[in-house]
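Please look over the sequence and structure below. A short briefing on helices, sheets and the chain contact follows.

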Amino acid sequence: MPSHTVSAYDKELESLQSIIARMGGLAESQIAAAVDALYKRDQEAAQVVIKTDKQIDELEVNLEHEAITILAKRQPMAGDLREIISALKMSSDIERIGDYAKNIAKRTEAISSGNIRILRSINNMALLVQKMLKDVLDAYIDGDAEKAKDVWARDDAVDELNNSIFREVLTYMMEDPREISAGTHLIFVAKNLERMGDHVTNMAEIIHFQVLGETLDDRPKKDVSSYTVVEAD
Amino acid sequence: MSEAAFASKEEVSVSETTSENTVEQPQHSVIGEGKFSARDVHVFYGDNEAIKGVDLEVESHKVTALIGPSGCGKSTFLRCLNRMNDTIDGCRVTGDILLDGDNIYDPKVDVVQLRARVGMVFQKPNPFPKSIFENVVYGPKIHGLATRQDELEHVAEVSLKRAGLWDEVSDRLDTPGTSLSGGQQQRLCIARAIAVSPEVILMDEPCSALDPIATARIEELIDELREKFSIVIVTHSMQQAARVSQKTAFFHLGELVEKGETEQIFTNPREDRTRDYITGRFG
């Protein structure tokens, strides 16, 4: 695409993109750090995650400010307009992902005796979500709608892992009431990761719209944990 | 093209007194119907081809915006629609331009009548050096649409009201049109254009000489006028085209590059050239 006649306009749009990339990169490492701290029950590492979340929040505020300034100054049209609106929407998705990572870190203290099998499943789930987030950010930087759509289709796996963790934790809690406290927190942790997956899916939809100007159809939800019950023997 | 056209709605009591002068009811087409239909229109200035085979429908009761960089042919095309190009030496138009199905370039067409049906508002407000009243009733007088003083007063009032100027000038109709502010003068020119009950109003950058407030008033007016008339507007302001029109056509180097719903053109244009122009990327 040719550059704008006003070159400052190009620089302003590039700045938005670079803020999104930084926010996304931070969120990606926050997920890894939060789940790692949980796995190792490392309180100090968890505190670092909680503090680092502020950086994402600040970047979001900066991005909003810059986006509003561009809207006021340039009256963007067509692809430029979609790009700015996309950046605004994606920044709030990434900010939420950061919040969920922070919430996982906060629960580290409460989960003193997490069941190791569950923690492994949670680790796997986190890896899936991180990979999705990484790929969606790549799709964003490359303006690749197909890649975004591919990420969009992968959220099913995250939903299914959440469902199975939910059932598993319920079973452990029924077997041993001492597991209830940690188990409840682990269910929230899995749910946090599942919600992150949803935000990544949102981002994929936004990128698809930004690039092609067309929305993706509704994705069928595979998260059934809201309806799951475990029968007592 | 008659007094009755003005009286058709709100002015019932006055129309009763003037109905004997009714000539004929103008054939306004219903909403959604095509008004103008241009087919393979070429315009030459001597050997220079300014418009290169344009096909475009102008829909009734819609605002169609023609956009494009300077020299793209949008104003030339606009001027074809009421044969304003006839006055330019060496200008030749080929192809068909149909108004309600009739070719306006047919030799039998009375150009004066055509311009009464297809009015025009220009970039710079150009009131006649006459009073506000005389400016508005000039057209109806020469076209014989109104002759008696009460008829003329009625036409002036209805036209000025429709142009959103009545409240500002009703107590000084005998002052010169040129004494008004730029924005008021432009609304006076719109009142003058609609005084002859045209079916289409052509506007060639009607706001480019006006300040933002006067521009906003004209834009508001355009939206109201759409109920009665079909409007074709040439504008350099993309934001204005996006605000006031329902249909947009993008011209470049004499070609019609893309036409479509305004919303689609400005949010998701299909052609690269359109995208580059409306996003400010033109080389």
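**Briefing**

Helices (H or I, at least four residues) and strands (E, at least two) are DSSP runs numbered from the N terminus. This is a predicted model: local features need pLDDT of at least 70, side-chain atom pairs count only at pLDDT 80 or more, and totals for chains, interfaces and linings use all residues. Residues are numbered from 1 along each chain as its sequence is written, while chains are lettered from A and ligands numbered from 1 in the order in which they are written.

**Helix packing in chain A**

- A:Gly213 follows H7(A) and has a positive phi, near 75°.
- Helix H4 (residues 116-142) of chain A packs on H7(A) at about 15°, with the axes 10 Å apart. Axes are lines fitted to C-alpha atoms, for helices over the stretch in contact, and angles run from 0 to 180 degrees between N-to-C directions.
- H4(A) and H7(A) are therefore roughly parallel (angles under 35 degrees; over 145 is roughly antiparallel, 65 to 115 roughly perpendicular, the rest oblique).
- The crossing of H4(A) and H7(A) is left-handed, meaning that the near helix is turned anticlockwise from the far one by less than a right angle; clockwise would be right-handed.
- Residues of H4(A) in this contact include A:Ile118, A:Met125, A:Val129 and A:Tyr140. Among those they meet in H7(A) are A:Leu186, A:Leu193, A:Val200 and A:Ile207. Contact requires C-beta atoms, placed from the backbone, within 7 Å.
- By class, the contact of H4(A) with H7(A) has 19 nonpolar, one polar and no charged residues. Nonpolar covers Ala, Val, Leu, Ile, Met, Phe, Trp, Tyr, Cys and Pro; charged covers Asp, Glu, Lys and Arg; the others, Gly among them, are polar.
- Helix H2 (residues 43-74) of chain A and helix H3 (residues 78-107) of chain A have axes that come within 9 Å and cross at roughly 170°. That makes H2(A) roughly antiparallel to H3(A).
- H2(A) and H3(A) also cross in the left-handed sense. Their contact holds 14 nonpolar, three polar and eight charged residues.

**Sheets in chain B**

- Six strands form an open sheet of mixed pairing, in the order E6-E7-E8-E3-E9-E10 (chain B). Two strands pair if DSSP finds at least two bridges between them.
- Strand E6 (118-121) and strand E10 (255-261) of chain B are at the edges with a single partner strand each, so one side of each has no neighbour in the sheet.
- Neighbouring strands of this sheet are turned by 20° against each other on average, direction ignored.
- Strands E3 (residues 63-67) and E9 (residues 247-252) of chain B pair in parallel over four bridges. B:Ile67 is opposite B:Phe250 in E9(B).
- Helix H8 (residues 182-194) of chain B lies across E6 and strand E7 (200-204) of chain B, at about 170° to E6(B).
- An open, antiparallel sheet of four strands has the order E2-E1-E4-E5 (chain B).
- Eight bridges join the antiparallel strands E1 (residues 34-45) and E4 (residues 91-99) of chain B. B:Ser37 is opposite B:Leu98 in E4(B).

**Contact between the chains**

- Chain A places 14 residues in contact with 14 residues of chain B.
- H3(A) gives the most to chain A's side, with four residues.
- That side of chain A has seven nonpolar, six polar and one charged residues.

Methods
Contact = placed C-beta atoms within 7 Å.
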